[in-house]
Amino acid sequence: MPANPLPQLPSLLEAPAFPPIRRGPLTTLQVNLGYRCNQACSHCHVNAGPNRTEMMDGATVALIPPVLAARGLRCLDLTGGAPELHPQFRELVVAARRLGVEVIDRCNLTILSEPGQEDLAGFLADQGVTVVASLPCYSADNVDRQRGSGVFARSIAALRQLNALGYGQPGRGLPLHLVYNPQGPTLPPPQAQLEAEYRRVLAAEFGVEFTSLYALANMPIQRFATWLEAQGQLAAYQALLQARHRPENLAQVMCRSLISVDWQGWLFDCDFNQQLGLAAAGSRPRPHLRSLLEWDPEGDPVVVAHHCFGCTAGGGSSCGGALGSG
């Protein structure tokens, strides 16, 4: 896959702090339903895996539809771990769709072939759920190295299953977005160029179609940060992100329109701040999901730190892919 080498970069101590940001109108509630996952990927910023037990309780799940209605939100973005492993995942999807809210499922694809999930793809299609699926490369060796042996083959099988249900097919109303992550401490190549290459290879070699590709930078936190540190590359990667910062990307970063909820119901400005324990400023010291029944966060400051350069470096990176031309 394309990569850009680490250049000679300034020390972190010489570089400026991340610029201040304030929220715009809230449109998206991103909910982490828990850290349990059927995979343990090397780039995972959540440290998710099969042995994690953290899971959102029923009372907190029950708060989600009323919050969507109270704030007039347009999108519920479900993540994890593997969000589909939460016992109330399907119940929550149905409730949100009844409100007319778009539901995004951040899907690792292999979950579709796990025991007990054989009807999951059909359920997602029946509910009109948008699928955002991890596929960090179109090469089996690269994917299996990052995500585990056999993951690429299972992912291709899942994509074919989704295609057969209408996902990624023009005019069917079932969006299927793929997600690319670099293999190491590099920035993604230009998203449009990479998407064209994905389309060519996946169609020619596997008969797979998709709606669009999101090219995301790896965040230097949690499991990926630990790996970088072991390789002696953490400081250089952080400096790379800072050196490639583009101020024009600030207007489009996801924290201006999205708020993140952890498995306990606490609110954060984004999923990355959630993993670092940087709570949203809010109207109280530690705002909870129930706060959104009354509180509108528009205009509040976003909590920023050095990792935020991962969202503004180069073409920019958010839950919806690149922000600029790169």
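Reader: How do the residues lining the second largest cavity divide by class?
Author: This is a predicted model, and the lining has 13 nonpolar residues, two polar and no charged. Here Ala, Val, Leu, Ile, Met, Phe, Trp, Tyr, Cys and Pro count as nonpolar, Asp, Glu, Lys and Arg as charged, and the others, Gly among them, as polar.

Reader: OK, and how much space lies in that second largest cavity?
Author: About 100 Å³. Val253, Cys255, Cys270, Cys308 and Cys311 are the closest to its centre, out of 15 lining residues. A cavity is a set of points on a 1 Å grid over the protein atoms alone where a 1.4 Å probe fits but cannot get out, and lining residues have an atom within 4 Å of a point. Points are joined across faces, edges and corners, and the volume is the space filled by probe spheres set on them.

Reader: How many cavities of 30 Å³ or more does the whole structure have?
Author: Two.

Reader: Which cysteine sulfur is nearest to that of cysteine 311, and how many disulfides are there?
Author: The structure has zero disulfides (pairs of cysteine sulfur atoms within 2.5 Å). For cysteine 311, the nearest cysteine sulfur belongs to cysteine 270, 6.2 Å away.

Reader: Is cysteine 311 buried or exposed?
Author: Buried, because its relative accessibility is 10%. Buried means under 20% relative accessible area, exposed over 50% and partly exposed in between, with a 1.4 Å probe and protein chains only. Cysteine 137 is buried too, at 0%.

Reader: Switching topic: what's the volume of the largest pocket, and which residues lie nearest its centre?
Author: Its volume is about 270 Å³. It has 18 lining residues, and Thr28, Cys75, Asp77, Ile104 and Gly320 lie nearest the centre. A pocket is an open set of points with protein on both sides within 12 Å along at least five of seven lines.

Reader: And by class, what's in that lining?
Author: Seven nonpolar, seven polar and four charged residues.

Reader: What about proline 83, buried or exposed?
Author: Buried, with a relative accessible area of 1%.

Reader: What is proline 83 in contact with?
Author: Leaving aside neighbours within four places in sequence, proline 83 touches Leu33, Leu78, Phe89, Asp105 and Arg106 (contact means heavy atoms within 4.5 Å).

Key: Residues numbered from 1 in each chain as written. Predicted model: local features only at pLDDT ≥ 70, side-chain atom pairs only at ≥ 80, totals over all residues. Heavy atoms only, no water.
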